[in-house]
Amino acid sequence: MNEILILATPELLDHRRQWLDSLANEKRFSANTLTAYERDTRQFLQFLTVHFGNPPGLAEIHTLRTADLRAFLAQRRRDGSGARSLGRHLAGLRSFLRYLERKGLINAAAAGAIRAPRQPKSLPKPLTDRQALEVVSTQAQLQEEGWIAARDSALLTLLYGCGLRISEALSLTPADLPPDAKSIRITGKGGKTRLVPLLEIVLDAIARYKTLCPFELEAEKPLFRGARGGPLQPAIIQREMQKLRGALGLPDSATPHALRHSFATHLLAGGGDLRTIQELLGHASLSTTQVYTGVDAARLLEVYDRAHPRA
């Protein structure tokens, strides 16, 4: 990262470099997050240079007020940052300032006193019934190797048929899915367990994959395997969905996780009650599940707008 262009004292820049190194090597932050935090703190130091009239050092950072942080966020908003970007700016600054505080260099009270911008609520983007069925039925036509086609088809059918997160599906073992199973016990976020019914079509797809898979599927090892026999990685299925989007003309929002959204939305549209859907999805709070009522309402309005003569 090029720090020559950043106006700040060498001491402060050195601490900033150590902070970024700790995020990368100790906390294992993603490359995208590291890039964003580097950019956010660079912009902040450049702002402070103008705000204070000189390149900032630890003394200026120590005396920061909430008004100074608000002034920076206000400038970023004027430059086009939305609520999500502003929230990330603040998260990056808090992380940096609290790092300096833990080292006994500053007081980061100002960062803790400022409230993050309210984030806009965004609705899940499920596939339509037809699109979801196309995804789980078209898979085999896009692969040359039969067992890989069967694997991907089984996994996507499982995601849509049971509303699983991809991490939950990839953690399953053959012991979790015996041939005569009527339901499956899933351990989701926070160790919360739930029981999800298994549709016949899901069992059939998994049975076909098991028959064709060239590797020994030990009872306690991962059910879904990569091309060389190791555990299947999420990126493989995400790339497969990308191919399906191109083949079927689906929007960019058609991801593996969209199949989970589709599961919930289609159950609700078919008369399922929120409490049951909450249990099937493994949501800790009903308010998390209630977002799907907004999706259903949006669909109804879309149909109304298309069909009503006075719409």
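Me: Why does Arg28 count as exposed?
Reply: Exposed means over 50% relative accessible area, buried under 20%, and partly exposed in between, with a 1.4 Å probe and protein chains only. Arg28 has 68% relative accessibility, so Arg28 counts as exposed. This is a predicted model, in which local features need pLDDT of at least 70, side-chain atom pairs count only at pLDDT 80 or more, and totals for chains, interfaces and linings use all residues. Residues are numbered from 1 along each chain as its sequence is written, and side-chain values use heavy atoms, with hydrogens and water left out.

Me: What is the phi of Arg28?
Reply: Phi of Arg28 is near 60°, a positive value in a residue other than glycine. Most residues other than glycine have a negative phi.

Me: Why does Cys162 count as buried?
Reply: Cys162 has 0% relative accessibility, so Cys162 counts as buried. Cys213, at 9%, counts as buried too.

Me: How many disulfides does the structure hold?
Reply: A disulfide is a pair of cysteine sulfur atoms within 2.5 Å. The structure holds zero of them.

Me: What makes a set of residues a nonpolar core?
Reply: The set consists of buried Ala, Val, Leu, Ile, Met, Phe, Trp, Tyr and Cys residues joined through side-chain atoms within 4.5 Å. The largest such core here has 50 residues, and Phe224 is among those with the most contacts inside it.

Me: Which residues is Phe224 in contact with, leaving aside its neighbours within four places in sequence?
Reply: Contact means heavy atoms within 4.5 Å. The residues in contact with Phe224 include Arg151, Leu158, Tyr209 and Pro231.
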